[in-house]
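Here's a quick briefing to read alongside the model. Have the viewer open and follow the topics in order.

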Amino acid sequence: MNITGLETLVFGVEDLASCRQYLIDYGLEPSATHPHRLEAMDGTGVELFDAATPGLPAAPNRCQLRKTVMGVSDTATLLALAEELGRDREVKTLADGSIESVDDSGFVLGFQVSQRRALNLMGELSNAPGSPVQRSANQLGVQAGRGRIQPRGLSHIVYFVPDVAKAEAFYVERLGFKCTDRFVGTGPFLQPAGSLDHHSHFLIGAPPFMQGVEHFTFHFGGPTEVIQNGNRFVEAGYQAFWGPGRHLFGSNWFWYFNSPLGCHVEMDADMDQHDNTWVARVAEPGADNSQAFLLRQRNKWAPGPGTPHNGDYA
């Protein structure tokens, strides 16, 4: 199944105005054609509806995420998915030609021929001595007073599921995902067949009353964008949850924030890519395996006569 990755997350939220403003401050742009949609640069995005909106798909355990829409490479893949899922569950064909069903954990899924727009933008480059790829002369690595920072595209989502083995089997055996890495006793990182990204899904085992979404995230252009945008987010009054730092599995830079969407929202950058020769790693969960390092956000500071240092030493 040539699934290419996430395209849209549909939420039914309790505080529509706060959620919309949160995602705009995060960097998403209101769609010019869809009043409920906020988008990244490649057109992937989030759709927000009031929780009481008639016709919204149901969600497990009052989760505010109502539907996860994934892209596929072509119509043939869409038809193959409809046939495969239709063997043991209802598959709806919607007016826009997409299909809708449900996974084995109760999360509603949508599939459509990918609408993701191709981007032709440089990511962040590092002038590492000896590297054959560097910024050209006079090309600055960072600019003061830079304007709005926008995420480039939907990255991944993390589900709390009551039965990890059952959930993993559905994505691997029915949808063609593969495990790229695994935390023992926690769950797998899963990559769809049509993407090289380390993962689009991460499954975490949890009691049934916790079933829902832990976080979702978009890719940014590099670690500088994550840290600059995260600092602005904090300055705007949003509460950081974890980060900034860099993960080991996936290697992506991260910064997680609390949100009014009933889950955390991450900013990420520079995720590993893996082809079919990659062999999944297995590790025990814990702080040492969760991140290569973890930083702490502080207010900006500059040295000067009589200026106290805001660090942990005089």
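Of the contacts in the chain between residues at least 6 apart in sequence, 68% join residues at least 24 apart, where a contact means heavy atoms within 4.5 Å. Keep in mind that this is a predicted model, so local features need pLDDT of at least 70 and side-chain atom pairs count only at pLDDT 80 or more, while totals for chains, interfaces and linings use all residues. Residues are numbered from 1 along each chain as its sequence is written, and side-chain values use heavy atoms, with hydrogens and water left out.

**Overall build**
- The chain holds five helices and 18 strands; these are DSSP runs numbered from the N terminus, with helices being H or I of at least four residues and strands E of at least two.
- The radius of gyration is 20 Å, which agrees with the value near 20 Å that a compact globule of 314 residues would have (taken over C-alpha atoms; the rule is 2.2 Å times the number of residues to the power 0.38).
- Along its principal axes, the C-alpha trace spans about 75 × 45 × 40 Å.
- Buried residues account for 48% of the 314 (buried is under 20% relative accessible area, exposed over 50%, partly exposed in between, with a 1.4 Å probe and protein chains only).

**The eight-stranded sheet**
- Eight strands form an open sheet with mixed pairing, in the order β2-β3-β4-β1-β5-β8-β7-β6; two strands pair if DSSP finds at least two bridges between them.
- β2 (29-30) and β6 (92-93) are the edges, each with a single partner strand, so one side of each has no neighbour in the sheet.
- β2 and β3 (residues 37-39) run antiparallel and are joined by two bridges, and P30 sits opposite L38 in β3.

**A buried asparagine**
- N229 belongs to helix α4 (residues 223-235) and is buried, at 4% relative accessible area.
- Leaving aside residues up to four places away in sequence, N229 touches Y26, I149, F220 and M267.

- Most residues other than glycine have a negative phi, and most peptide bonds are trans.
- G243 and P244 are joined by a cis peptide bond, with omega about 5 degrees; P244 is in strand β14 (residues 240-246).
- R62, not a glycine, has a positive phi of about 60 degrees; R62 lies in the loop between β4 (45-50) and β5 (65-72) and is exposed, at 74% relative accessible area.
- D270 also isn't a glycine, and has a positive phi of about 60 degrees; D270 is in the loop between β16 (264-269) and β17 (281-283) and is partly exposed, at 44%.
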